[in-house]
Amino acid sequence: MQRYSILWADDEIDLLKPHILFLQQRGYDVTPVNNGSEAVELCESKHFDIVFLDEHMPGMSGLEALNLIKNQKPSLPVVMITKNEEEQIMEEAIGAKIDDYLIKPINPSQILLSIKKILDNKRLVIEKTNLNYQQEFRKISMAFLDDMNHTQWAEIYRKLVYWELQMEESGNRDMAEVLEMQKVEANVNFCRFIKRNYEGWLNNPNIDKPLMSHQIMKKNVFPEIKPGISTFFVLIDNLRFDQWKTIEPVLSEFFNVDREETYYSILPTTTAYARNAIFSGMMPSEMAKIHPDLWVGEDEDESKNNYEDDFLSKQIRKNNLNIKFSYNKIKKLEEGRDLADSINNLFHNDLNVIVYNFVDMLSHARTDMAMVRELAPDESAYRSITKSWFIHSPLFEVLRKIADKKARLIITTDHGTIRVKRAFKIVGDRSVNTNLRYKQGKNLGFEGDKVFEASKPDRFFLPKTNVSTAYVFATEDQFFAYPNNYNYYVNFYKDTFQHGGVSLEEIIIPFILLSSKNA
């Protein structure tokens, strides 16, 4: 156990000898002084792990000493001890970034608790986290042996994200490798689950099935639209559930989370399919058949998401909603700033849809740009970049302005993304699409069953460009590579974030309903 050094300044330090002896017996080195000036001088010349300061001392007060110490060493923990219970004194001390505040008379146990809370907090949190996860590990592993349904799988994924974030927050490396192995095992079993059930969800109306992309507006969004209150539907492209949990604390200052749910993205888990399904309320083959003027197929060069506002308009009319709505797509920083400047003009609408493309651009930039790739080598760094972007983005400014009004806010996404690690060989002609997580075309060649094949696309409500068209989805952490330039693909795309296939991270995605704390 590390031996900590404590500086204790109090003008009645002789009366505190029993407390000091108590700490010394527990392995702490304590340096006592009876005034603030000496405490400041010692902090300049010596190393201490924590400082206890009496607020009321003759000469230099505890608050004055606190400010001088913090100016010298901002990260040095300081505990203020005082007889004074005035709120102003407390606020001054907190404003000066004290780490704890104790009211006299104090007893040795209070002092010890304060020390452990500040100095041993990380170790104690790691030990407790390890213990709790070990217990949870067994439960999760046992669950893989059961025939879980879609709700139970969503809960398993949420638990894995929870433990991943807990270990990241505490700096816990001990169990991170075990958790990573359990995530791999979870994805193996989840992909088997999707293979067994996905086609049935789409074709059998009488079985239990999850809420999916094409149902989200009708079932989760339209019912939230209330007369006289503007509802903002914010779709942050490519936002995983763990990324949502990373930005949630930032938003919690302004919003209450009224509902935190997940739903299932359709396949392929890409913007062209999943997001169009959200705004049209239809599956891809239905869009291609009913709205051939709006659906852009894989064989066409045009952008696949140019008509989301038209799809949304038609879905609103189909559901007999007499509402005023706006559709806003943000693809560039300037567009985000323009939206932030003009947001007040939207509050007269019943529904305002905001599609924010940044996270999707980040994931693709990570593949193409060496610098971004360096910044986000793993999931933890990817989450960190997402949070940093969000805090400094026009989107955050937009949401803060929404929080000042009487409005409803929904945050969701169209699909997630997974860090791919293993290449899977596939053969196709020049007409095959370029996505690394799914392939669509004719005469697709591959060996083994480690993929999810849709040889009859109509059963998956996917459009066909010709009679022999098939779809193949990568599962777990695999990505497709062609044999003729296999090594290039492996070296260039391994450990990049991709989407389009089957994994917990891509399919199970957040749907969040928030209300303003201010309105």
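Guide: A polar contact here is a pair of N or O atoms within 3.5 Å; within protein, one must be able to donate a hydrogen and the other to accept it, and residues adjacent in sequence count only if both atoms are side-chain atoms. The model is predicted, so local features need pLDDT of at least 70 and side-chain atom pairs count only at pLDDT 80 or more, while totals for chains, interfaces and linings use all residues. Residues are numbered from 1 along each chain as its sequence is written, and side-chain values use heavy atoms, with hydrogens and water left out.

Visitor: What makes asparagine 107 a cap of H5?

Guide: A side-chain oxygen of asparagine 107 lies 3.1 Å from the backbone nitrogen of serine 109, at the N-terminal end of H5.

Visitor: What is H5 as an element, and how does its span agree with its number of residues?

Guide: Helices are DSSP runs of H or I with at least four residues, strands are runs of E with at least two, and both are numbered from the N terminus. H5 covers residues 108–119, twelve residues. The expected span is 1.5 Å times one less than the number of residues, which gives 16 Å for H5; its end C-alpha atoms are 16 Å apart, so the two agree.

Visitor: Which residues of H5 are called buried?

Guide: Buried means under 20% relative accessible area, exposed over 50%, and partly exposed in between, with a 1.4 Å probe and protein chains only. In H5, Ile111, Leu112, Ser114, Ile115 and Leu119 are buried. Seen down the axis, they fall within an arc of 160°, so they line one face of the helix; the arc is taken from the directions from the helix axis to the C-beta atoms. Exposed Ser109 and Leu113 sit on the face turned away from that side.

Visitor: What do the buried residues of H5 pack against?

Guide: Their partners include strand S1 (5–9), helix H1 (17–25) and helix H6 (121–143), where contact means heavy atoms within 4.5 Å.

Visitor: Why is asparagine 435 called buried?

Guide: Its relative accessible area is 18%, which is below the cut-off for buried, so asparagine 435 qualifies. Asparagine 435 is found in the loop between strand S12 (422–425) and S13. Its side chain has a polar atom 2.6 Å from the backbone nitrogen of arginine 437 and reaches the backbone nitrogen of tyrosine 438 at 3.1 Å. Leaving aside neighbours within four places in sequence, asparagine 435 is in contact with Thr270, His499 and Gly500.

Visitor: What makes S6 and S10 a pair, and in which sense do they run?

Guide: Two strands pair if DSSP finds at least two bridges between them. S6 (residues 230–236) and S10 (residues 407–412) have six bridges in the parallel sense, so they qualify. S6 also pairs with S9 (residues 351–356) in the parallel sense, over six bridges. Valine 234 stands opposite isoleucine 411 in S10, and its bridge partner in S9 is isoleucine 354. In S6, seven of seven residues are buried.

Visitor: Why do S13 and S14 count as edges of their sheet?

Guide: Three strands form an open sheet in the order S13-S15-S14, with antiparallel pairing. S13 (438–441) and S14 (451–454) each have a single partner strand, so one side of each is left without a neighbour in the sheet. S14 and S15 (residues 470–474) share four antiparallel bridges, one of them joining phenylalanine 452 and phenylalanine 473.
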